Amino acid sequence: MGKTKTLTGALLTTAILTVAGCGGGGTASTETAKAPADPADASGTIKVLTARTDLVQNGTMARYADEFNKTYPKVKVKFEALTDYEGEVKIRMNTEDYGDVLMIPAAVAKNDYPKFFAPLGTDADLSATYRFSDKTDVGGKVYGIAQFGTANGFLYNKAVWKKAGITRWPATPQEFLTDLKAVKAKTDALPYYTNFKDGWPLTAWTNNIGSATCDAKANDKLAGAVSPWKRGGELNTIDTLLYDIVKGGLSEKDPSTTNWEASKGLIAQGKVATMQLGSWAVTQMQDAAEKAGTDPGDIGFMPFPVQKGGKYCAVLASDYQQAVNIHSSHKAAARAWIDWFTQKSGYSAKEGAVPVLKSAPMPSTLKDFVDNDVTFMERSEAKTGEVNTIDNAAEIGLNKPDYRQKLVDLARGAQHGSLDDYLADLDKRWNEAARTAGS
Amino acid sequence: MTETTRTAPAKVPGTAPPPSRTPAGGEGRRGVRVLRRLTPWFFLAVPLLLLVTFTYVPVGNMIYYSFTDWDGVSPDRRFTGVDNYEQIFTRPELFRVFFVSFYYLAASAVQIVIALYFATVLSFDLRCRNLFKGILFFPYLINGVAIGFVFLYFFQDGGTLDSVLSWFGAGSGHAWLGDPSSANTSLAGVSVWRFTGLNFVLFLGAIQSIPAELYEAAQLDGATRWQQFRHIIAPGIRPVVSLSVILAVSGSLSVFEIPYIMTGGATGTTTFVIQTVKLAFQFNKTGLASAAAVVLLLIILLITWIQRRLVPDEKVDLV
């Protein structure tokens, strides 16, 4: 009896505390965070949350801050680097303490942006200057500016592909497979590396949506019960290619113990020929090549093997978006930092990424794309919010590794089932979720 | 915890003098008495506060979330009643992952037997006894994350396991973590390696609390080692064994660390907790994940209760 009483008491206390503790979410001003006209007017200490622990530790970010202080002397910039950025920031967003400038975590639903971030201006204004501004457009106002963008495609070792006798980029998925087979037959290199264990590199495949049909609005078209994996659909082309690569024995024998850090060295030394990644990875592989004493010039980047009218297409997708905390007391300074960091810091050029500024030139990492006249298309993000809602409701995870890990498992026979059944099942889940989530 | 809070204040009135004998200083006496009654609570205040803050409030929150459709970030959440629970019990794929637990359940049986064997052997006089004790207990001291990474290399294609096997001419080339059954067996094996030490120490402690005269007497009577184990050790450590079994069952149902680090739940190694974590943090279904956690809690409570019913906690009296 006594025990029951204690327990009831504890539960009651808990219930009261629970109800009391969940108030939260006070009202904050929704006025636009504008950088001051005179840099001397911006003042205060701002905290910038970032996932680049490496750049904070080696002092690169501090150098950016020093550079920033030359224009804005009264603003003090502090950095907080988080290893598990998504996980930690998501939890902190239940409080008001999530820095002054932060990158919008993927977990935040698009329609919730106005509750967490200060608006940065209207889409009509910002889209003239910046790429990707529609990604954070809620009701005509923009809540985030991208750090940089990436083109997607295949990273490859030029020397190895040349040794296999291939001199031009494959133009169809079939040709791509034939080329990988040639690599397997004529060189010692592993034709393709999945990075299965680390998982996230598998999600990069999704960023090819649009490249496969040369349609910048392809991602928006997924909103609804549209069977994305139907024959001829973007995701069907993309996932079938991955399936065929693994099924054809063109990838590593034991994918369950792959290692991302080691894979950089493998491709640099020509032990691996090809990997599917974003163009941001090129500089990292070139660094790896320098460390391994091989030629960084061997690292090449090719578009997804599909052509339209004899030309390749490459979709540009935006990386994390920088936003200003709605609870920040130094919004002007925070906005000043975002503008300076995107326009003047030279960060995206240094990272070899696609600049957010429309006026800036393409990076040297994409020189081959520019030389070969690849069409760059900025991915339309008008319906990303809806697509994400359906994706989560269906528990598929277009940007999560799980469903592709299962695809690879099916292809190498570790799990039973056929590709058609699996894709049909994905379609079914997607459509059901679209119907219930849309209501 | 509850045991102490219940019994401690009850003892106080017994030691305090009865109030009727001192009618003069009633006021002051009552003050002292109240203070005495309160004293244990002062001592308990801090642990109780910690317990409530870090156990009951989160659990209460979790139960509350399980009735909502909260996505884990949004300031708004909708009350959806038992919808989440309905989903858990009507979607077979959410429950199917419990089958993975059988690998770990089987592994914990092996683990208890190994631990029991070594605890018994090492409780007798043996050369290098303490060294062996240390070796057996050592894995339990290593951080689970580190173990995950170490064994990732161990099971790698051409890794430690493959090279050791090749010394014996059994070059397998088998992808240990590559197909569901061998992956789960390998992971369960790692779990045995890690937790045997804990069981071993528990058993060893229990065995050493058995009075030495009993062994002496048994030896004089000509009992073999097996007979000593069967009639002295086994009954003597029964409560500890039953505790270990409860821990093993609840542990097998809630395996997380090792498979999450080593395979991330790929290739059919997803356990119930991994699935819950993915629901909460990948698909932003915090409500559904909380409901799953509540269900797991209830299942574990239920199993523990059944187990206590089947194997009641008898008082052990050897002497």
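Reader: Why is F132(A) called buried?

Author: Its relative accessible area is 0%. Buried means under 20% relative accessible area, exposed means over 50%, and partly exposed lies in between (1.4 Å probe, protein chains only). So F132(A), at 0%, counts as buried.

Reader: What are the ground rules here?

Author: This is a predicted model, where local features need pLDDT of at least 70, side-chain atom pairs count only at pLDDT 80 or more, and totals for chains, interfaces and linings use all residues. Residues are numbered from 1 along each chain as its sequence is written, chains are lettered from A and ligands numbered from 1 in the order in which they are written, and side-chain values use heavy atoms, with hydrogens and water left out.

Reader: What makes the phi of F132(A) worth a remark?

Author: Phi is near 60°, a positive value in a residue other than glycine. Most residues other than glycine have a negative phi. F132(A) is in the loop between α6 (123-129) and β6 of chain A. Helices (H or I, at least four residues) and strands (E, at least two) are DSSP runs, numbered from the N terminus.

Reader: Which value does S227(A) have for phi, and where is S227(A)?

Author: Phi of S227(A) is near 45°, again positive in a residue other than glycine. S227(A) lies in the loop between α9 (200-203) and α10 (234-247) of chain A.

Reader: How do you know that β5(A) and β7(A) pair?

Author: Two strands pair if DSSP finds at least two bridges between them. β5(A) and strand β7 (residues 141-142) of chain A have two bridges, in the antiparallel sense. T122(A) has K141(A) as its bridge partner in β7(A).

Reader: What is the strand order of that sheet?

Author: The sheet is open, with three strands in the order β5-β7-β6 (chain A) and antiparallel pairing. β5 (121-122) and β6 (137-138) of chain A are at the edges: each has a single partner strand, so one side of each lacks a neighbour in the sheet.

Reader: Why is strand β15 of chain A called mostly covered?

Author: Five of the five residues in β15(A) (residues 321-325) are buried.

Reader: Which strands pair with β15(A)?

Author: Strand β3 (residues 101-103) of chain A pairs with β15(A) over three antiparallel bridges. There, L102(A) has A323(A) as its partner. Strand β4 (residues 117-118) of chain A joins β15(A) over two bridges, antiparallel. A118(A) is partnered by V324(A). Strand β8 (residues 145-146) of chain A also makes two antiparallel bridges with β15(A). Its A146(A) has Q321(A) as partner.

Reader: How many residues of β11(A) are buried, and which strands pair with it?

Author: Seven of the seven residues of β11(A) (residues 272-278) are buried. Strand β9 (residues 149-157) of chain A pairs with β11(A) over five bridges, antiparallel. F154(A) stands opposite Q276(A). Strand β10 (residues 190-192) of chain A runs parallel to β11(A), joined by two bridges. Y192(A) stands opposite T274(A).

Reader: What puts the buried residues of α3(A) on the same side?

Author: In α3(A) (residues 60-71), T60(A), M61(A), Y64(A), A65(A) and F68(A) are buried. They cover an arc of only 145° around the axis, so they sit on the same side of α3(A). The arc is that of the directions from the helix axis to the C-beta atoms. An α-helix has 3.6 residues a turn, so residues three or four places apart point the same way. R63(A) and K70(A), on the other side of α3(A), are exposed.

Reader: Which residues of chain B form a nonpolar patch on the surface?

Author: V34(B), L35(B), L38(B), W41(B), F42(B) and F43(B) form it, with about 640 Å² of accessible area together. Accessible areas come from the Shrake-Rupley method with a 1.4 Å probe; for residues, only the protein chains shown count as cover. Patch residues have over 30% relative accessible area and no salt bridge; like charges are joined within 9 Å, nonpolar side chains (Val, Leu, Ile, Met, Phe, Trp, Tyr) within 5 Å. A salt bridge is a side-chain nitrogen of Lys or Arg within 4 Å of a carboxyl oxygen of Asp or Glu.

Reader: Why is L38(B) called partly exposed?

Author: Its relative accessibility is 38%, which falls between 20% and 50%. So L38(B) counts as partly exposed. L38(B) lies in helix α2 (residues 26-65) of chain B.

Reader: Is R308(B) buried or partly exposed?

Author: R308(B) is partly exposed, at 39% relative accessible area. R308(B) lies in helix α15 (residues 286-310) of chain B.
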